[in-house]
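Please look through the sequence and the model shown below. The paragraphs after it take a few residues in turn.

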Amino acid sequence: MKTFSFAVSLLLLAAGAADALTVRGSVAGGNLPPDLRVAGVVVTPFGQVVQEISSVPVTGGQFALELPGTAPTARAQVVLTPQNVNWPGVIDPVQVSGQAQVAELKFFTYRDQNNNGRRDENEPLREVIADVRGANLFVVWVNTDVSVTASKGFQAALKRGWNAFLVDVGKAVNVQPFADSTVVTVRIGR
């Protein structure tokens with residue numbers, strides 16, 4: 001029985017593993033407070049904050065946010081359906097190639113006022129957009145390979161784990177893979 005439960009545990013761990021992803025960037029706009037952090041946060045399809053995945057301090061206007069190779073918690077995942085794909089550049093009709101669990105990640109900044117290296121309830125989040133020359137960075141985790149297509153040419157082939165794309169919306173939607181070496185810009189207001 002021990003051998004069986006150990007094998008099942010290994011399978012569950014493998015199923016929860018995902019490729020790590022690093023987002024490097026600069027923060028622009030206004031005077032940057034010394035306690036500013038950039039966070040990757042999983043949100044519901046309606047934009048409600050569910051789980052902080054990772055956060056890092058901004059140093060000299062720069063950051064390198066590493067998303068772990070583990071899956072988001074079960075409560076941060078939802079079933080991927082055409083009705084809950086509210087991603088940048090997605091316009092109906094939406095098609096999903098198969099069944100999958102998904103977790104959408106958005107970027108936020110906050111001031112770590114007590115310098116404990118994590119966000120506390122009294123430290124408000126401010127959503128920010130990470131972009132590269134006008135194309136928005138979109139990050140999503142899926143538990144299995146799946147494709148999502150939509151109007152105006154939106155096509156995203158998602159592989160199990162973390163996926164990152166640059167989405168450029170114009171007359172057509174251009175979705176390009178994101179490389180760890182790409183540097184994004186996050187703009188904060190005053």
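A polar contact of 2.9 Å links the side chains of D120 and N116; such a contact is a pair of N or O atoms within 3.5 Å, where within protein one must be able to donate a hydrogen and the other to accept it, and residues adjacent in sequence count only if both atoms are side-chain atoms. The model is predicted: local features need pLDDT of at least 70, side-chain atom pairs count only at pLDDT 80 or more, and totals for chains, interfaces and linings use all residues. Residues are numbered from 1 along each chain as its sequence is written, and side-chain values use heavy atoms, with hydrogens and water left out.

D120 sits in the loop between strand 7 (101–111) and strand 8 (126–128); strands (E, at least two residues) are DSSP runs numbered from the N terminus. With a relative accessible area of 17%, D120 is buried (buried is under 20%, exposed over 50%, partly exposed in between, with a 1.4 Å probe and protein chains only).

The whole structure contains 1 aromatic pair. W87 and F138 form this pair, which is tilted, at 4.8 Å centre to centre with 40° between the planes. Rings of Phe, Tyr and Trp (its six-membered ring) pair if their centres lie within 6.5 Å; planes under 30 degrees apart count as stacked, over 60 as edge-to-face and the rest as tilted. Because W87 lies in the loop between strand 5 (78–79) and strand 6 (95–96) and F138 in strand 10 (residues 135–142), the pair ties together parts 51 residues apart in sequence. Both W87 and F138 are buried.

K171, in the loop between strand 13 (161–169) and strand 14 (173–177), is exposed, with a relative accessible area of 84%. The C-alpha atoms of K171 and K152 are separated by 7.3 Å, and the two residues are 19 residues apart along the chain.

Notes. Helix = DSSP H or I, 4+ residues; strand = E, 2+ residues; numbered from the N terminus.
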